[in-house]
Amino acid sequence: MPHSSRHIHKAAVLGAGIMGSRIALHLANAGVEVLLLDMVPRELLPEETRKGLTEQSPAFRNRIVTQLFQDALKSNPSPVYTVDVARRVSLGNFSDDLARITDCDWVVEVVVERLDIKQNLYTQLEQYRKPGSLITTNTSGIPMHMLAQGRSDDFRRHFCGTHFFNPPRYLELLEIIPAEDTAPDVVDFLMHYGDRFLGKRTVLCKDTPAFIANRVGIYAICHTFHLVEKYGLRVEEVDRLTGPLIGHPKSATFRTCDLVGLDTAAKVAAGIAQNCPQDEARAVFALPEYVQWMVDNQYWGDKSGKGFYQKAKSADGKSEILSLDLKTRTFGPQQKPASATLSQLKTVEEVPARLRLIAKGEDSHARFLQELFFGIFAYVSHRVPEIADHLYQIDEGIKAGFGWGHGAFEKWDILGVARAAEAAKAMGYAPAAWVDEMLAAGHTTFYKIEQGKRLFYDPATKSYLPIPGADEYITLDNLRQSHVLWSNVGSSIFHLGDGILCVEFHSKMNTLGSDVLGGIHRAIDMAEQGYRGLVIGNQGEHFSAGANLAMVFMMAVEQEWDELDFAVRYFQRTTMRARYSSIPVVVAPHGLALGGGCELTLHADAAMVAAETYMGLVEVGVGLIPGGGGTKELTVRMSDEYREGDVEFNAFTHYLMAIAQAKVSTSGPEGYAMGLLRRGRDQVTLSKRRQIADAARLCRELADAGYTQPIPRTDIRALGRGGLGATYAAIHQMHYAGYASAHDKLIAEKVAYVMCGGDLSQPGRVSEQYLLDLERQAFLSLLGERKTLERIQHMLNTGKPLRN
């Protein structure tokens, strides 16, 4: 059955623990109807007896699954995109409800990691599953061939490993591990479905211990454990060196162990050491004495209340995070690490440049990182083809599973393969023989880009091959050499093909300064003169953190009011140009889309929104109101929702509070409920890697449908003094009750004034330009307030809003 003809309408998840419940909810995020099952309790609890329940009562029999499911829904971060997702999940138990899997297209087993328990469950599944339905396991260590033993032919053909990483909503990796008899079309389908519909980076793995990500990731952690002893480093020192500084997550090494559970990491390491006797680095998986002591004494991390770090109260009653002294085994205040390497790296923005600087360093911090890198480089080279046929699969696994910004082979390319290989050998880390053969043949990198396509080196054929399936994505970095039509310091314009342009931001945090706004205008000019449409998007960590606050603050402090007025007008013209051009404009937000980034999205003809998008008009947090058309646009949307006979003040309050409370969506789909996205026009994609390609497709569809330039609105309903009076009264009550400061009160009144259309004697119709003028005047007046400047300065200094 080709993947194009197979569909997942309903799935069952067997096991409702931490992983099972969250896998079920992520399938529900994707729109799948899910059946979640777990065990029947062994006996009644006293409170159940008091309620009159019996062992036949559904509330008793589903107690375990219900409690685990509710725990998942309450967990932070949330496993669901919106609260209504939970309605797609029905609950039951193995004893009463296993037969309900008959109409399921996919059954995911997530029970305890014991071969006998899993096999007994599979025997029962054989009685009820429909032929052709998928059966997969989330095991992290039991070999597929052992799990499939004794099963029917149809079961074995449709059986596979699907290893999600926790938490399933947020970690991109989904490892697909075929068994010996798994049908190729089943593997193809799962690779495609996980990518397209679950938003995962699906990585094809071999059935080897710990698969790909954990095999390499746990090696890196264990290697670090040993190097810490060698270099005499402190816990917080190591996490400073192995986190964002080198493109890894903030949790770095030791904080990651605390989050995952040191006992869990130790079990995986022991499993690798036991089951991989031919691993040349097997000794690395033997835990150093200090780590084994921590495991034995339950210093497991968050689950036991202490690990490499411990939360405590200081003498003045404030919470603080203490770090473990690995020599004395006692907790104490963290110390700020310092070295020549760290001082140099502070001035370097880009991770590749930092890595090259580290490779040249000579102090202990640089030497520690060099040895860490070289050990990892050697290790991954020996894992091809043991755990993966191709090196890119190892990089994809470690990036998606452990959050590394660059994979091991990618880092090696950055440092120079030949130079790093020689340095690694000098430190005692010899790469696999195929690396030397590759270099001897004149191939100097593991990856290269030709004609907009990324190729990887394949040791088996001794040649470069395209990454399979990559033609379904658009990766802007791959097009940078050949498809850039224009650029300035803050933006670049690409031709994506089929007449669709893309303007990309590459300022710090993708803030919207004059360079970026100029790039947007230039891109629209170019598109109108000879192309079919424009995508506004990028593939950085975040779409945009908003306007360039530093520039706004500087002009306000220097009281350059004419320049500020021009800057705000220019921003408004940019967002309105996105709305009123002769070609379709599609905006593709992801990650943070705050302030101006949200305003730009609001004004697009359509938005292609990543599921993990956090949108909001947050200007109130710095003492301002949305000044790039955001306040105007929510007024337009409120007006469009009005129907004769409605209580329009309710809709007004909804949109007013979205601004006044600086609400931010917790996902892309939540943007619909907040009114930031429009059903029928704006779309959500779960696959961030596909987002630019999806946006280009949507842009083409709008062009093919005969897109015509819209006409600026003059029919926006504004409430006037009636709405303003009621709103002012409510704001005053909030202030006098102590819920809002005098400055908060002022800002809320400014928002209300704009959204009510100013001092209109009665409700009436106004134009977009009229509202934009009110919005700009309110924005500029707030910049004259001392409290606003204090808030902006606090945000610039700390990255956090200040409440007055």
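Which residues are linked with E172 in a network of salt bridges? The network joins E172, R201, E396, K399, E410, R454 and R689. By salt bridge I mean a side-chain nitrogen of Lys or Arg within 4 Å of a carboxyl oxygen of Asp or Glu.

Before going on, the ground rules. This is a predicted model, in which local features need pLDDT of at least 70 and side-chain atom pairs count only at pLDDT 80 or more, while totals for chains, interfaces and linings use all residues. Residues are numbered from 1 along each chain as its sequence is written, and side-chain values use heavy atoms, with hydrogens and water left out.

I will start with the sheet. It is open, has eight strands in the order β3-β2-β1-β4-β5-β6-β7-β8, and its pairing is mixed. At the edges are β3 (89-93) and β8 (201-204), each of which pairs on one side only. Averaged over the sheet and with direction ignored, neighbouring strands are turned by 25 degrees against each other. Pairing here requires that DSSP finds at least two bridges between two strands. The elements themselves are DSSP runs numbered from the N terminus: helices are H or I with at least four residues, strands are E with at least two.

Within the sheet, β1 (residues 10-14) pairs with β2 (residues 33-38) in the parallel sense, over five bridges. Opposite L36 in β2 stands V13. Is β1 buried or exposed? Five of its five residues are buried, so β1 is largely enclosed by the rest of the structure. K10, A12 and L14 point one way from the strand, A11 and V13 the other way, and all are buried. The cut-offs are under 20% relative accessible area for buried, over 50% for exposed, and partly exposed in between, with a 1.4 Å probe and protein chains only.

Helix α6 (residues 115-128) packs on it and touches β1, β4 (106-109), β5 (134-137) and β6 (159-164). The direction of α6 makes about 160 degrees with that of β4. Helix α18 lies across β7 (173-178) and β8, and runs at about 140 degrees to β8. Axes are lines fitted to C-alpha atoms, for helices over the stretch in contact, and angles run from 0 to 180 degrees between N-to-C directions.

Helix α18 (residues 391-402) also packs against helix α19 (residues 408-415), at an angle of about 105 degrees and with the axes 7 Å apart. The two are therefore roughly perpendicular to each other; the ranges are under 35 degrees for roughly parallel, over 145 for roughly antiparallel, 65 to 115 for roughly perpendicular, and oblique for the rest. On the α18 side, L391, I394, D395, I398 and K399 meet A408, F409 and E410 of α19, contact being heavy atoms within 4.5 Å. Those residues divide into five nonpolar, no polar and three charged. The classes are Ala, Val, Leu, Ile, Met, Phe, Trp, Tyr, Cys and Pro as nonpolar, Asp, Glu, Lys and Arg as charged, and the others, Gly among them, as polar. K399 and E410 are also among the residues of the opening network.

First, E422 and K425, with an N to O distance of 3.5 Å. They are three residues apart in helix α20 (residues 417-426), and so are separated by about one helical turn. K425 is partly exposed, at 32% relative accessibility.

Next, E633 and R637, whose closest N and O atoms are 3.3 Å apart. This pair sits four residues apart in helix α27 (residues 630-641), again about one helical turn. Both E633 and R637 are buried.

Then D759 and R721, at 2.7 Å, N to O. This pair links distant parts of the chain, 38 residues apart: D759 is in the loop between α32 (742-755) and β25 (764-766), and R721 is in helix α31 (residues 720-736). D759 is partly exposed at 47% relative accessible area, and R721 is partly exposed at 45%.

E371 lies in helix α17 (residues 364-382) and is buried at 4% relative accessibility. Residues up to four places away in sequence aside, E371 touches H223, L227, K230, Y231, M427 and Y429.

L698, in helix α30 (residues 691-704), is buried as well, at 5%. Its contacts, leaving aside neighbours within four places in sequence, are V586, A606, A607, M608, R681 and Q683.
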